[in-house]
Each structure stands twice: as C-alpha cells, then as structure tokens.
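The exercises below are meant to be worked through with the model at hand, and each is followed by a solution in steps.

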Amino acid sequence: MLVNATAMLQAAVKGHYGIAAFNTNDLEWTRSILTAAEELQSPVIIQCTRGAANWQQGFKVVKDIVEDLVDYMKITVPVAMHLDHGTYEDCFEAIDAGFTSIMYDGSHEPTFDINMERTAEIVKLCHSKGISVEAEVGGIGGVEDGVASNGELADPEECKAIADLGVDFLACGIGNIHGLYPEDWAGLSMDRLAEIKALTGDLPLVLHGGTGIPTAMVQEAITNGVAKINVNTDLQVVMAKATRAFIESGKDLEGKNYDPRKLLKPGFDAIVDRAKELIVDFGSDGKGWA
Ligand SMILES: [Zn+2]
C-alpha cells in the first residue's frame, strides 16, 4: 500500500534525519529504489517528473508500477508516490492517477500571488483526498534557469506565507542547484535555512538538487530542518558509469550479455548500492515505521 509523505517527514523532523526522494525512470529503476529502502528498513519517497512520466507512458503507469512492485516485492516500509515539480495542470492529472503526494511548483508562475492562490487550491483538494502537498517558494537554480554559480535564496516571509496555507512540506532555495554543481559553487546557506526555519517552525523543508552537495553539508541542513532530500542526477550518474564500465570491459560481447537483463544489471545494481549509501548518509535507515 502506498502512503502519503506527511507522517514520515514529520517523524524525520522530530528524529533529526532526512528521507530520500528518489526520481524513477522505469520499472527497474523503481525496483532498485525499493530494494535499497527495504534492505535498510527506510521509508522512501519515489517521485516522478512530467518528463519521466511521459517516458513511462503517463502518471498512471508510473503509479501502477510502484504500487504493483510494493505489493509483489512484499515491501514493508512506507512508500510515497510523489509528483516532482508539477505544473498546476500536472497536479490534477497525477491526483487522478492515484499519486499519494503532490508537488505543485508555482515558483514559475508570473506572480507570487498566483503561486499562493493555486497552492491554496491544490492543498484543499489534496487534503480532501488524503494526499500530501509540497509547495515551492522562489526557485531552485539550475541549468534550466541558465547556469549560475549560486542557487537562489528563498524569501523567508514568502516561505511563511506559503507554509500558512497548510502545505505539508516546503521546497525553498538555500543556494542549492539542480543537476551537477559548478566548481565555484558557494555552498548551502545555513543562515538562510535558519531564517526560514525560524518562521516555519516544524514544517519539514525540502532540499532539491541533492546531487554532489558534500555529505557533511547535507547532514548539517538535516540538523537544521531539512527532512526531504531530492536525488535524481546522482543515481543517473552511477547507472551510466556502471553501464559504461561493463561495455568498455567488453563483457557485453560475451555469451548472451546482449540480453537487457544482463546488459543493464550492473547499472541497476549500482543504483541499489548508491541509494543505500545515501539512505545511511541521511540517517533514515531503520526508521521504517518510526
Ligand atoms: Zn527540484
């Protein structure tokens, strides 16, 4: 059974640990994430963007795969199916598809007022269905916004205004960036995180762009109120690297290694291993039903 992400993230705030939200791309990706979470008895959020959903033939297919694997694999830890960076329209589609958690990213709306208005509407609808909601203030730096050395810093007052709408967790820029970090990156702003935390209290905060931030810095952010850490690029990179190594070694030419179950296995094994490392780094291992 899939759950929403509210209880697991509230428990994480109380227990001062973080929960990984891994993006999925297909059935094997989902299986690898679930394998890692179950082995370490960690709650987990599996999330999907519109782009990755299109690749998998729609939100419903993604949700059905996650749900069916949780059932088939006899997963015992809490698993949430979350929409990552949904537009206003995406949210309704993912809700209809049975997602248990939704991120409405109104940071790209023309005005903050529109972000507020639409977030309030989505919160009302989702809560009537037991679905958790993540909202976003400001924007997260990254390639799609033009490469910048430093991510954006969210306005604490805007964070409070959105938090007061009843969102269950909040994404706010504290210098983080999507994708890989430039070498001259300034790091996360713990000062801004503290200012946001002071106004939003126990609301779980979300760190987007979890790939390549030094582990100690992520752990410091967790200590200061971050409860959900989004990880996408990291797993893509380890998957690609393991696949490349397999092919470069020439093993793909041996026996029946052209079989996708053999050809892609090193990549998916690498996802399991890396996801387990991150779960331990974030401290959610053993917190299955904390
Ligand atoms: Zn993001």
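**Exercise 1.** For this predicted model, determine which share of the contacts in the protein chain with a separation of 6 or more comes from residues 24 or more positions apart, and describe the fold around that value.

*Solution.* Residues 24 or more positions apart account for 71% of the contacts with a separation of 6 or more in the protein chain. The secondary structure of the chain comprises 12 helices and eight strands. The radius of gyration is 18 Å, close to the 19 Å that the globule rule gives for 290 residues, so the chain is as compact as a globular protein of that length. Along the principal axes, the C-alpha atoms fill a box of roughly 60 × 45 × 35 Å.

**Exercise 2.** Work out which residues touch the most other members of the largest nonpolar core, and which helix gives the most to this core.

*Solution.* Begin with burial: 46% of the 290 residues count as buried. The largest nonpolar core holds 79 residues, and those that touch the most other members are I19, A20, V44, I102 and L170. Helix α12 (residues 265-282) gives the most to this core, with seven residues. Taking V44 as a case, and leaving out residues up to four places away in sequence, its contacts are I19, A20, F22, I33, A37, V77 and V79.

**Exercise 3.** Decide whether E117 is buried, partly exposed or exposed.

*Solution.* Locate E117 in helix α6 (residues 112-128). Burial requires 20 or more other C-beta atoms within 10 Å, and exposure 12 or fewer. Because E117 has 15 within 10 Å, E117 is partly exposed. E134, 17 residues apart from E117 in sequence, is 14 Å apart from E117 in space, C-alpha to C-alpha.

Note on methods. Residues are numbered from 1 along each chain as its sequence is written. This is a predicted model: local features need pLDDT of at least 70, side-chain atom pairs count only at pLDDT 80 or more; totals for chains, interfaces and linings use all residues. Helices (H or I, at least four residues) and strands (E, at least two) are DSSP runs, numbered from the N terminus. The radius of gyration is taken over C-alpha atoms; the globule rule is 2.2 Å times the number of residues to the power 0.38. Two residues are in contact if their C-beta atoms, placed from the backbone, lie within 7 Å. A nonpolar core is a set of buried Ala, Val, Leu, Ile, Met, Phe, Trp, Tyr and Cys residues joined through C-beta atoms within 7 Å.
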